[in-house]
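Trainee: Please take one part of this model and go through it closely, contact by contact. Give the cut-offs as the terms come up.

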Amino acid sequence: MKLVYKQIEEVNSNSPTLPTTLRNKHLALLFFCFLLFFSITFIKTMENKTMFDAESTVNELRASFATGKTRSYKWRLSQLNQLFELTQFHEQEIVDALKNDIDKPPLETVTYEIAMLKNSCQAAIKELKHWMAPEKVKTSLTTFPSSAEIVSEPLGVVLVISAWNYPFLLSLDPVIGAIAAGNAVVLKPSEMAPATSSLLAKLLGEYMDNSSIRVVEGAVDETSALLQQKWDKIFYTGNGRVGRIVMAAAAKHLTPVVLELGGKSPVVVDSDINLKVATRRIIAGKWGCNNGQACISPDYIITTKNYAPKLVDALKTELEAFYGKNPLESKDLSRIVNSNHFARLTKLLDDDKVSGKIVYGGEKDESKLRISPTVLLDVPRDSLIMSEEIFGPLLPIITVDKLEESFDVINSGSKPLAAYIFTNNKNLKEKFVMNVSAGGVVINDTTMHLAVHTLPFGGVGESGLGAYHGKFSFDAFSHKKAVLYRSFFGDAPIRYPPYTATKMRLLKALVGGGILNIVRAILGMS
Ligand code: NAD
């Protein structure tokens, strides 16, 4: 300040001809600039103070991990128990948060988010000791005498980035795996489900050991800041575009990733089925799962030209029975998450190529972000709706002459996260399992494989990389360390120099395996 005033005085004294008013104006201008500069610096400092520091967060967690406490069975168990309690005691708050974020029907929240999470937690608590135990494996003659085991060790400090559609389950289910495997973890919930995000921050802050488990809230800026850090694993759930960003950021540090992405999950419908049951199960997987905003919701149906009218009639009947004559008012359907997704879905319906194809539904209420269950028949495969994951309440039907053609239809696109078929034909079931590549396959139902913890859940190709659930979650966050135990007994001189032809012959037989070869080598027969 002093320096500036001095300079101002110098300017004034050096300009004796300057009228006083002009000098005052200069002074005022300089003072104003000064004030502006100080205000901006102050605001920036305050911003930096309130915005979280990604580097410090990771460093703090790394320091906590280095103490070794997250490795103990006791710590893992206590944190899993805390996670269970947090879910158990705050059911209503979770239901309310999801109601706020996406108007999710309480039954769906209680069943598909809360009960599923508790189930995951209980399975981990029950199996933890067993999962953590080293796995004894056979050794070969080459290393005789020896024993070996696979030791699961925690990776270190891991990042979980989750999506908005099942914001409670998709945030905490991977966290269960991370904790069970003994890692420190940062959870970044989706900003598109803000009520759930802040509830998660609050509850995990209260219940969990915050020296090793943190929630970072925020949007792209915060996620980008987190992604710049070095992690020992990144577990991302969301769309493939951001999946690519995550993978590119991870590549910088050679960090392994799990990418839980989406895709166009097909449903093939044969004619020899219990149509009523099949239709109800298709509806439950589509509209009964967050109004189609679920990664494994049926995306489109393939059936024969002959059977399509019957299927459409059944869908109409059951949809009306489930959601009434005015589904826009139904309390049993989630709303569309936001206006961007509403506009995206509207664009799919407005495509000229599907005009006149709606056979059921199509009603919208933009002010309430609601779109009714909508079925479209005979949509062309080059239409907009068939070119991207729908992720909403629209269900197109593609027709083929013979059901076997459906395999080519599916395999000509990107590999889906799930593929479903309704049939009683044994041969067709086998062909479907063998020829359709997808993250998971369900015969005669939709989405239910998600609830089976002995099955891995994950995509293939464009629908994802890696898998989790049950033991697969533990494995996703563990390094499988190979451990070989030897004693000082039985030290074979043949592996040491000087190398000779006899040693080479014996070693070749020993490494090649087979007792007969070894005997032949000893006898000089090979
Ligand atoms: P989203 O918008 O909530 O994004 C997911 C995460 O990515 C959020 O935490 C967000 O903060 C972060 N993110 C967004 N833009 C980013 C950027 N530019 N840089 C860094 N991070 C960014 O969720 P979404 O992607 O709309 O979710 C829907 C998609 O997720 C669908 O494709 C669906 O199929 C898929 N999904 C997959 C699964 C699964 O288990 N495989 C589950 C749910 C959803």
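Mentor: The backbone nitrogen of Asp-332 lies 3.0 Å from a polar atom of the Ser-330 side chain, which is a polar contact (a pair of N or O atoms within 3.5 Å; within protein, one must be able to donate a hydrogen and the other to accept it, and residues adjacent in sequence count only if both atoms are side-chain atoms). The model is predicted, so local features need pLDDT of at least 70 and side-chain atom pairs count only at pLDDT 80 or more, while totals for chains, interfaces and linings use all residues. Residues are numbered from 1 along each chain as its sequence is written, and side-chain values use heavy atoms, with hydrogens and water left out.

Ser-330 sits in the loop between helix H12 (308-323) and helix H13 (339-350); helices are DSSP runs of H or I with at least four residues, strands are E runs of at least two, and both are numbered from the N terminus. Ser-330 has a relative accessible area of 10% and is therefore buried (under 20%; exposed is over 50%, partly exposed in between; 1.4 Å probe, protein chains only).

Now the ligand. The shell around the ligand has 28 residues, of which Ser-190, Glu-191, Asn-239, Leu-261 and Glu-389 come nearest; to be near, a residue needs a heavy atom within 4 Å. Oxygen atoms of the ligand lie 2.6 Å from a polar side-chain atom of Glu-191, 2.9 Å from an N or O atom in the side chain of Lys-188 and 3.4 Å from a polar side-chain atom of Thr-223. The protein covers 93% of the 840 Å² of accessible area that the ligand has on its own (Shrake-Rupley, 1.4 Å probe). Two or more shell residues come from each of helix H9 (220-227), strand S6 (233-237) and helix H10 (240-252), and H9 gives the largest share, three residues.

H10 itself has 13 residues, which at 1.5 Å a residue should span 18 Å; its end C-alpha atoms are 19 Å apart, which agrees. The expected span is 1.5 Å times one less than the number of residues. Gly-243, Val-246, Ala-249 and Ala-250 of H10 are buried. Because they cover an arc of only 130 degrees around the axis, they are on the same side of H10; the arc is taken from the directions from the helix axis to the C-beta atoms. Arg-241 and Lys-252, on the other side of H10, are exposed.
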